[in-house]
Amino acid sequence: MSDRIIPLAEARYVAPVPQVPRHPTAPSGRITDMRGRRLHDLRISVTDRCNFRCTYCMPSAIFDKDYVFLPQSSLLTFEELERVVRLFVAHGVEKVRLTGGEPLLRRHVERLIERLARIERPDGKPLDLTLTTNGSLLARKAEALASAGLRRATVSLDAIDERVFQQMNDVDFPVSDVLDGIAAAERAGLASIKINMVVKRGVNDAEILPMARHFRGTGHIVRFIEFMDVGASNGWRMDDVVPCREVLDIIGREFPLEAVGANYEGEVAERWRYRDGRGEIGVIGSVTQPFCAGCTRMRLSTEGKLFTCLFASDGRDLRALLRGGYSDAEISGAIGLIWQRRGDRYSEIRSSQTVGLRKIEMSYIGG
Ligand code: SAM
Ligand code: SF4
Ligand code: SF4
């Protein structure tokens, strides 16, 4: 028996290699899944590490000093990621989001952005390339990211109150540094910055109105996200979820709101604008208003596993194909088959039975 110690994180996510189609009818070009949903977005987790320990995502009791993160050798390289993205774009993907873990912790991530920003869609239009960050390193990196070709960014911020925010990030990270990061991103020319706030009842629901007030009139769009039962470590309970209708009521009582249409098919945030013209907010009701019917996202984990749903328990090992000498056509065919066979709709069938199922952690699969 081998005496190699399998790192925890690797052992937990062993998944089958997809059957590689050598058949001439392997799907190419735009594809739809079993529910008629087309493949439009790709989310890439570029690292499973993070410098925060948000209680709803990487609770410090589990992600502690003994937690084994993925070794460098198992991460997809920038060359591999560029190759994968080109194949996805040929399948109709128009939007790519880098996430994690904390994507700005990935060394030289701006070099990856430079490579991806050069990729064009088949219609000649540029790829919509963006990233989600906790903002902690943004003040330092915004300029380099923008020069590399990043045009947009989403910054997570769960409270404007220092005590509440530090309680949620659990590493005493100050609000002011995230706000500095947002300001730096704006100066660097990253347009329409979105602010993600996960709302947890009894923890930061009193921050809904202060957050709306703070960002009203700034051009930045706060998106209030229902706390989800992702992974298996955040102790999710339905009672902790603040339904997005309630969020809209709280804000709408002080600042009247009106609905705005979606930007594109499959957009998950429901858009609302202030009637006085001072900007827009969004609500993401993944728990109380599931949007599986329009879910057009594939997710690629840090070590190259493909997931067709955020709540999946297993992924398909694309890295094995990338490192196994397969041609672009073969890998493209495998991606097509994985999407065509997809029938996921976890949020539509969520129940007390599904909540305890083994699921991939958000920091691994990418939020
Ligand atoms: N570290 C980066 C950040 O926090 O922005 C990117 C990765 S994080 C996993 C991506 C997004 O997922 C963040 O906006 C975060 O707030 C959200 N998120 C994490 N766990 C969540 C949960 N259990 N329910 C809802 N959203 C969650
Ligand atoms: Fe880190 Fe983002 Fe998860 Fe918070 S939400 S622990 S910042 S990966
Ligand atoms: Fe998409 Fe799965 Fe979320 Fe439904 S539960 S919206 S299929 S990621």
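Predicted model: local features only at pLDDT ≥ 70, side-chain atom pairs only at ≥ 80, totals over all residues.
Helices here are DSSP runs of at least four residues, numbered from the N terminus.

Helix α5 covers residues 162-169, and its buried residues are V164, F165, M168 and N169. Looking down the axis of α5, you would find these buried residues within an arc of 120°, so they line one face of the helix. What lies over them? The cover on the buried residues of α5 includes α6 (175-187) and β5 (191-199).

After the helix comes D170, which has a positive phi, near 60°.

Next, let's visit ligand 2. Around it you will find C50, F52, C54, C57, M58, G101 and N134. Sorted by class, this shell holds five nonpolar residues, two polar ones and no charged ones.

A disulfide is a covalent bond between the sulfur atoms of two cysteines. How many disulfides are there? With the sulfurs required to be within 2.5 Å, the count is zero. Take C244 as an example: the closest cysteine sulfur, in C292, is 14 Å from its own sulfur, so the two are too far apart for a bond. C244 is also buried, at a relative accessible area of 1%.

Notes:
Residues numbered from 1 in each chain as written. Chains lettered and ligands numbered in written order. Heavy atoms only, no water. Near = heavy atom within 4 Å. Nonpolar A, V, L, I, M, F, W, Y, C, P; charged D, E, K, R; others polar. Buried < 20%, exposed > 50% of the residue type's maximum accessible area, 1.4 Å probe, protein only. Helix = DSSP H or I, 4+ residues; strand = E, 2+ residues; numbered from the N terminus. Arc of directions from axis to C-beta. Contact = heavy atoms within 4.5 Å.
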